[in-house]
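Please keep the sequence and the structure in view while reading.

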Amino acid sequence: MFLLKLIVRNSLRHKLRTVLTMLGVTIAVLSFGMLRSVVDAWYAGVEASAANRLITRNAISLNFQLPVSYKEKIRQVEGVSTVSFGNWFGGVYIDEKNFFANFAMDLKSYLELYPEFLVSGSQRKELLTDRKGAIAGAKLAGRFNWKIGDIVTLRGTIFPGNWDFTIRAIYKGRDKNTDETQFFFHWDYLNERMKTMKIAADTAGIYIIGVTKPELAAEVSQMVDKLFKNSMAETLTETEKAFQMSFVSMTEAILISVQLVSFLVIFIILAVVTNTMAMTARERIREYTVFRSLGFEPVFIFMMIAGESLLITATGGTIAIAATFPVVKVFGDYMSMFLPVFIVSTETIVLDVIISLAVGLLACVIPLWVTFKIKIADGLRAVA
Amino acid sequence: MITLLLQYSLRNLMRRRLTTILTALGMALVVFVFTAILMLSNGIVKTLVTTGSYDNVIVLRKSAGVEMQSQITREDSDIIESHSDAKTDTDGEKLSAREIVVLISLPKKITAKPANVVIRGVTGKSFRLRPVVKLIEGRMPRVGSTDIVIGKSIAKGFQGTEIGQRLRFAMQEWVIVGIFDAGNRGFNSEIWGDVNVLSQFFRRQSAYSSVIFELKDGSMFDALKQRILRDRRLKVDVKRENLYYGEQSEMMSKFLTILGLSLTLIFSVGAVIGAMITMYSATATRTAEIGTLRALGFRRFSILMAFIFESLFLGGAGGIAGLFLASFLQLFTVSTMNWQTFSELAFTFSINFEIILSGMAFSLIMGFAGGVLPAIKAARMKIVDSLRTA
């Protein structure tokens, strides 16, 4: 009790300095949490993928199409439950700055394969019966203030011309990491217009395959690829996770730099807090030696110094964790064009706590070393 | 007088070396991060903006944005070339090339993970249109063959890319016959082969991706653009080549700028707090000293300046250290996917005078912000009180 009182009193002796140090820790833990969330956001697509979904694309690269006739052949493979297909549309809404992901999909089967997209029954029916109907994620609809029944025009970049769609449904994400910024419309609509324009119609960029059991994934993908081996369009089938991962790994360089920066952040926290604790110890060397000459054990002095340091970092860390949520939300809104899903994960919070405590402990190493190295007689003589 | 103050500030920093080093180090790291992000963004912009040439014109299908999405039929290409007003080459032919651009995926050397690489179907004119592209090893591809030449970054970063080795794509084996260097431009991340052979194997015979030509005179661009856009038969966009590549850097550099600025904003608050702690403690431990100085006749303003100098030194030292560390980043090549084209692009961290200036200014501002309040506190002390604390 005496010790606790001493620790609190000690940390209140230089109120301004303590507050500043605490703020330093807050800022650093906050930015660490933010960076971790950026990295998490990078992997959001990977995290959100299901084990029972496979993606098939042209073996050359995503840039190449597959004939839509593959659908029936794939469906006959054992272990396949549902097959959906479609194209990356890449349309632009008014201006390039408004970028969002938009796809032309076989909507009925697609929504079956993605139960995490929650759509009300009536909206689903409306969507499936309207040839020019489209479905948008709740976040995307919010961004442009779209309501059911609104007409949205996209300018095609891959498929020329202006394309009008009517918003018939808005989906919500079932899970925290479901991407609510996507836009889908009927592949049939796209295909019809492609036919009249005499541009490669009846093709799909990707197939999405639902397998009956996740254990069958590897087997099914091998069988599908074997089916089209040595054909005009060879396929590459992989799990949805691996498919998403291939995008992440292509931007790995940036990801690594973000992670490097988060280590630097920890380093900065350490520097700031160590600095303060070093100052504190230097000023109080005389006091510490008084304690020791009075017969207090070194353990007591250790507890006193470490306690103060821990109190400061723990308070700073707590404030930071509380602030992480609103900050990540604001930052996420800014970044939604690049990284659609921004959430603070539990691991981030756990790491925040660990870092705050570890920094608190590490910061008192130097002051402790200084205090114990000095002889009692010298310490009593010392003037800070 | 000024030198005396400066010396006083410097000596004080030297006296408490550990604290000084730790504070400056914190600032150095912030400046390092700040500079690194600016260098990265600058590197992308520089690589892409210099990729195109000002006098070259690129024609794409309307609103295609990038070459990979564009298709221009043979007939349209003829019409475009008839409008083009291109420079004529030594052989009397127009300096104009119809190219196709497709993406293939190849495994990277270190991670073995596949990445998207641009394959460009070219003609002999393509090399003349881009004099920066120089063969550094091997030979040029023969017309009508499955020869390919690869950019320097491809040779460095991808598996099986030695001269004489074969790459397999589009159900065909392609022989690497040469390596070219475009001096850190986007072309270094591309593979070039004969346009007719490539379009045949990729079954893209009906259309090209783009038509590129060099203007006789750069100032004729606007007139030419009008002429092509007015032609009702064509649905195309006409751009200067450098502008076209410059646009491709926008998304990445915007992302890096938002990320970088938010980070440095937060970090710098941290560093300023660090400096403030250091400077407050400097004033606290030197109260008696300040009193003595005042008693000797130094004015409040001199005391204020002395402490501000001290923290500016701190910021300056951090800035120099941070910039010094960051300048080494220029040795690194970063290779990442460009979101606009979905293809691999290699570029280097690139520093310029502006970045050095903003890095330095940033660290001095941090130093000043951290030192100004403690300095005011020191300057406002009463002589009698401060002398008594000793």
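## Aromatic pairs and their surroundings

F169(B) and F202(B) are both buried, where buried means under 20% relative accessible area, exposed over 50% and partly exposed in between (1.4 Å probe, protein chains only). This is a predicted model, in which local features need pLDDT of at least 70, side-chain atom pairs count only at pLDDT 80 or more, and totals for chains, interfaces and linings use all residues. Residues are numbered from 1 along each chain as its sequence is written, chains are lettered from A and ligands numbered from 1 in the order in which they are written, and side-chain values use heavy atoms, with hydrogens and water left out.

Rings of Phe, Tyr and Trp (its six-membered ring) are taken to pair if their centres lie within 6.5 Å, with planes under 30 degrees apart counted as stacked, over 60 as edge-to-face and the rest as tilted. By this rule there are 50 aromatic pairs over all chains. The rings of F89(A) and W163(A) form one edge-to-face pair, because their planes stand at 80°. F89(A) belongs to the loop between β3 (80-88) and β4 (92-93) of chain A and W163(A) to strand β9 (residues 162-173) of chain A, so the pair ties together parts that are 74 residues apart in sequence; strands (E, at least two residues) and helices (H or I, at least four) are DSSP runs, numbered from the N terminus. Both F89(A) and W163(A) are buried. The two pairs are set out below.

| Pair | Centre to centre | Angle between planes |
|---|---|---|
| F89(A) and W163(A) | 5.3 Å | 80° |
| F169(B) and F202(B) | 5.9 Å | 15° |

The stacked pair of F169(B) and F202(B) links strand β7 (residues 166-169) of chain B with the loop between α6 (195-201) and β10 (207-208) of chain B.

Ring pairs also build a cluster whose members include Y114(A), F117(A) and F342(B). The charged end of R53(A) sits over the ring of Y114(A), 3.7 Å from its centre, a charge being over a ring if NZ of Lys or CZ of Arg is within 6 Å of the ring centre and within 35 degrees of the ring normal.

F342(B) takes a positive phi near 60° in the hairpin of β13(B) and β14(B), which has 4 residues between the strands. Strand β13 (residues 333-338) of chain B runs antiparallel to strand β14 (residues 343-348) of chain B, joined by 6 bridges, where two strands pair if DSSP finds at least two bridges between them.
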